[in-house]
Amino acid sequence: MTENAVLLWGLFNAFIIGMLVLDLVVFHRKPKVMSLREALLWTGFWVGLAIVFGAGMFWFRGARAGTEFVTGYLIEESLSVDNLFVFLLIFRYFKVAPEFQHGVLFWGILGALCMRLVFILTGVSLLERFHWLIYIFAAVLIVSGIRLWNDKDKEVEPEKNPVIRAARKIFKVRPGSHGGALFAREHHRFAVTPLFIVLLSLETTDLIFAVDSIPAVLAITRDPFIVYSSNAFAVLGLRSLFFALSSVMGRFHYLHYGLSAILVFVGLKMLLSSVYPIPTLASLAVVALLLAVSVVASFLWPAKTKPAASASPEESL
């Protein structure tokens with residue numbers, strides 16, 4: 001890695017850490033419910049930052065790098081919307097109070113950034129050493145897309161998650177909200193709160209989604225900085241996007257078909273990369289078109305409402 005590359009990575013990560021600290025220490029020091037207006041403003045802020053960063057990529061690194069970043073960001077942002085459906089179900093399952101959801105998402109996103117950085121660097125390194133892995137990545141994306149197409153009704157059962165089950169055996173779980181804290185003391189002994197279990201559930205869910213999303217961007221570019229930065233901006237805006245869309249998520253009932261088609265498309269792009277490399281600009285157009293069609297179709301043909309099933313978790317917050 002060159003000196004300029006080290007400086008670029010250092011500055012970008014310093015920016016990410018600075019924004020997270022500013023968010024936690026200044027804007028959201030105390031648990032509170034994020035209003036729709038505030039969520040929309042924060043969503044616009046993060047999207048605006050991504051646009052400015054993308055413009056910088058066009059200006060300093062050229063049209064190819066800029067287009068790759070925009071395509072990667074659009075893929076990650078669209079797949080993130082699908083994550084939000086699962087996050088909402090997890091919060092409902094554990095009955096997490098709205099004022100504590102932002103804090104859990106904050107720590108979840110911090111963990112997601114660390115995990116995705118490891119995934120990206122490992123994935124790029126493996127592809128550079130073992131080119132045949134590109135076909136395995138392509139197969140993962142295509143199979144994931146087909147499974148998503150058939151996955152109409154998402155069900156979340158955190159208690160079947162082996163990580164959650166192991167955590168309950170290892171740690172003492174102290175019931176209650178504890179002001180949104182993840183850890184507590186019980187009779188001078190260390191204990192975790194139910195919110196810690198919720199955080200583990202979010203992290204393991206994001207890890208599963210990363211298996212799809214990281215290869216999807218690697219199908220667009222092998223530049224680890226572009227892959228990571230597009231992931232970072234999409235993940236950073238995830239919290240505000242969650243609160244902005246939480247009340248209308250049910251309306252996007254055709255979105256999973258669009259996301260399924262996107263995964264299959266980028267899988268085919270990766271599969272055919274050695275025979276017929278699809279231009280990045282064409283990939284951007286296809287991804288944007290598939291996403292737009294699924295969203296518009298959701299509003300033109302609304303889904304029939306179904307009564308929500310009640311959950312009975314061990315702890316409620």
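Predicted model: local features only at pLDDT ≥ 70, side-chain atom pairs only at ≥ 80, totals over all residues.
**Exercise 1.** Describe how helices α4 and α9 pack, and find which residues make the contact.

*Solution.* 
- Locate the helices: α4 covers residues 98–129, and α9 covers residues 238–245.
- Take the geometry: the angle is about 150 degrees, and the axes lie 9 Å apart. α4 passes α9 in a right-handed crossing.
- List the contact residues. α4 supplies Pro98, Gln101, His102, Leu105, Phe106 and Ile109. α9 supplies Leu238, Arg239, Phe242 and Phe243.
- Sort these residues by type: 7 are nonpolar, 2 polar and 1 charged.

**Exercise 2.** Decide whether serine 294 is buried or exposed, and place it in its helix.

*Solution.* 
- Find the helix: serine 294 sits in α11, residues 280–300.
- Check the helix length: α11 has 21 residues and spans 30 Å from first C-alpha to last, close to the expected 30 Å.
- Apply the cut-off: buried means under 20% relative accessible area. Serine 294 has 5% relative accessibility, so it counts as buried.
- Look for its partners: beyond neighbours within four places in sequence, serine 294 touches Tyr254, Leu255 and Gly258.
- Look along the helix: other buried residues of α11 include Leu284, Val287, Leu291 and Ala297.

**Exercise 3.** Work out how the buried residues of helix α6 are arranged around its axis.

*Solution.* 
- Pick out the buried residues of α6 (residues 162–170): Ile164, Ala167 and Arg168.
- View the helix down its axis: the buried residues fall within an arc of 100 degrees, so they line one face of α6.
- Turn to the other side of α6: Pro162, Lys169 and Ile170 are exposed there.

Terms used:
Residues numbered from 1 in each chain as written. Heavy atoms only, no water. Axes fitted to C-alpha atoms, helices over the stretch in contact; angles between N-to-C directions. Helix = DSSP H or I, 4+ residues; strand = E, 2+ residues; numbered from the N terminus. Left-handed = near helix turned anticlockwise from the far one by under 90°. Contact = heavy atoms within 4.5 Å. Nonpolar A, V, L, I, M, F, W, Y, C, P; charged D, E, K, R; others polar. Buried < 20%, exposed > 50% of the residue type's maximum accessible area, 1.4 Å probe, protein only. Expected span 1.5 Å × (residues − 1). Arc of directions from axis to C-beta.
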